[in-house]
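Here is a friendly note to read alongside the model. Please keep the 3D view open and look up each residue as it comes up.

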Amino acid sequence: MAEKENTRLLALEILLEAEKKNIFVKDALHKQLFQKQFLSKQDRAFVTRLVEGVTEYQVRLDYVIDSYSTKKIDKCKPLIRCVLRMGVYQMLYMDSVPDEAACNECVRLAKKKGFHNLAGFVNGVLRNVERHVQDIRFPEEQEDLAGYLSITYSMPLWIVKKMLVWHGEEKTRKMLKASLEVTDLTVRVNEEKISVKELMEKLTAHGIEVKEGYYVKDALHLNKINYVNRIPGFKQGEFFVQDESSMLLYLAGGAIHELEKTDKQELKILDLCAAPGGKCTHFAQKMGGSALVEARDVSEKKVSLIEENRKRLGLDHMKTVIWDALVPDTTRKDWADIVIADLPCSGFGIISKKNDIKYHIKETQLTELANLQRTILTNAASYVKPGGVLLYSTCTVNPEENTENAKWFLDHFPFEKEQMVQLMPEALKEFVVDGYMMQLLPGETACDGFFIAKFRKKKEI
């Protein structure tokens, strides 16, 4: 029992660190597991499931706790809040853990962390839930659709209401269902170093489950992995972790075709918000010596990450620069053939991969993010040379941050819609709107939610 208590204690410390420091749970989890590599594979799996499960189902867990507690969950101390969520999650979702054990161990944790005076409260709430677990009443679908979807899929109510307005009931249900599904690790093969077939064979030989990409030919989907940096070929730069949705940006850019239109030997490509480097390294990898890629981001830490990936992948025709995209740069006026503006957003398209995004974002931030994007797009417009291309992308499903901003951009700058439907995989062409915009929604495709718009700067202004 002591061993399981230690794993529960570790899970508690991870959840508590994320809550107190307001950081993403996945970051706290990876840091702690990396520091405790002596843990068995089974114990790591238990901690990971408990931490990620509590995070993923937090809305639903809090609803259950509030139904059987004399004190609302948001009024409890952070540690007690985490302990109660852990206990209820084990009761509802971990069949391998007896309800009594879940309750007893959580009471033990409260005492161990110095909350002897609240151990009785923890015990009372969890025993109450244990006795009535089959009788929990959830919102009725017919009477309160948003409330029902919120608790069923553990999504904050305000986000559900927004999604219903943005995309309607059918698509909202698909997105919410997808937000709780386990996803593969998707990687982009660095074909400058290894072929797709060779990497598949190499990984399979090491016991990793490998599937081919659904849309992009140099994508692979991996399962049965432990640490990413221990996957064979990672340190050698044979692949980059990247979802297929963001790989589509290279296809949309049509860089090879852009080069053919010019009489130059290389294109100039500028990525404004590049960390950790997925899109800029994709362009650099595919174009080789035919493009000079300049990757920028706001801080030394972010740029160091891009630089680390650049070196690992062996990309020489690429430079990194620390620059805040909100600040205009007159040295880059009319400079780039292609500007990549993959902008900060609410992230509603990647909740399945980072499931506590839904707790970090606030409703008031949506308009702030849309306005921030407009500032960066204003700067980006000046960097594109006449006749050049601007690629605008986000990983959200909020129209205010994507389709509405795309239309705003066309109204305010000397750009026109640039057709990209012909560049997209056949299976995704139906999602291209008006030829120049594409909105992918979670649950409708086998990749993240993602938005791309493509513009061309007018030659005569």
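1. Let us begin with cysteines. A disulfide is a pair of cysteine sulfur atoms within 2.5 Å. By that rule, the count here is zero disulfides. Before going on, please note that this is a predicted model, in which local features need pLDDT of at least 70 and side-chain atom pairs count only at pLDDT 80 or more, while totals for chains, interfaces and linings use all residues. Residues are numbered from 1 along each chain as its sequence is written, and side-chain values use heavy atoms, with hydrogens and water left out.

2. Cys345 is in no disulfide either: its nearest cysteine sulfur, in Cys395, is 3.5 Å away. Cys345 is buried, with a relative accessible area of 18%.

3. Now to charged pairs. Side chains of opposite charge can pair when their charged atoms come close. How many salt bridges does a search of the whole structure find? The search finds 34, where a salt bridge is a side-chain nitrogen of Lys or Arg within 4 Å of a carboxyl oxygen of Asp or Glu.

4. Have a look at Asp184 and Lys211, which form a salt bridge with their closest N and O atoms 3.2 Å apart. This pair links distant parts of the chain, 27 residues apart: Asp184 is in the loop between helix H9 (157–179) and strand E1 (185–189), and Lys211 is in strand E2 (residues 209–212). Helices (H or I, at least four residues) and strands (E, at least two) are DSSP runs, numbered from the N terminus. Asp184 is buried, at 18% relative accessible area, whereas Lys211 is partly exposed, at 39%.

5. Strand E2 also holds Glu209. The side chain of Glu209 meets that of Lys224 in a salt bridge (3.5 Å, N to O). Lys224 sits in the loop between strand E3 (219–223) and strand E4 (239–241), so the pair ties together parts 15 residues apart in sequence. Glu209 is partly exposed, with a relative accessible area of 41%, and Lys224 is exposed, with 61%.

6. Is the next pair buried or exposed? Lys385 and Asp337 meet in a salt bridge (3.6 Å, N to O), and both are buried. Lys385 lies in strand E9 (residues 384–394) and Asp337 in strand E8 (residues 336–342), 48 residues apart. Elsewhere, Glu294, Arg296, Lys319, Asp329 and Arg332 are linked in a network of salt bridges.

7. Helix H13 (residues 278–287) deserves a look too: nine of its ten residues are buried, so it is largely enclosed by the rest of the structure. Among the buried ones are Lys279, His282 and Phe283. Just after H13, Gly288 takes a positive phi of about 55°.

8. Finally, the nonpolar interior. A nonpolar core is a set of buried Ala, Val, Leu, Ile, Met, Phe, Trp, Tyr and Cys residues joined through side-chain atoms within 4.5 Å. The largest has 114 residues, and Phe283 and Met438 are among those touching the most other members. Helix H5 (residues 78–93) gives the largest share, nine residues. A second, separate core of 28 residues includes Trp408 and Phe455.

Terms used
Buried means under 20% relative accessible area, exposed over 50%, partly exposed in between (1.4 Å probe, protein chains only).
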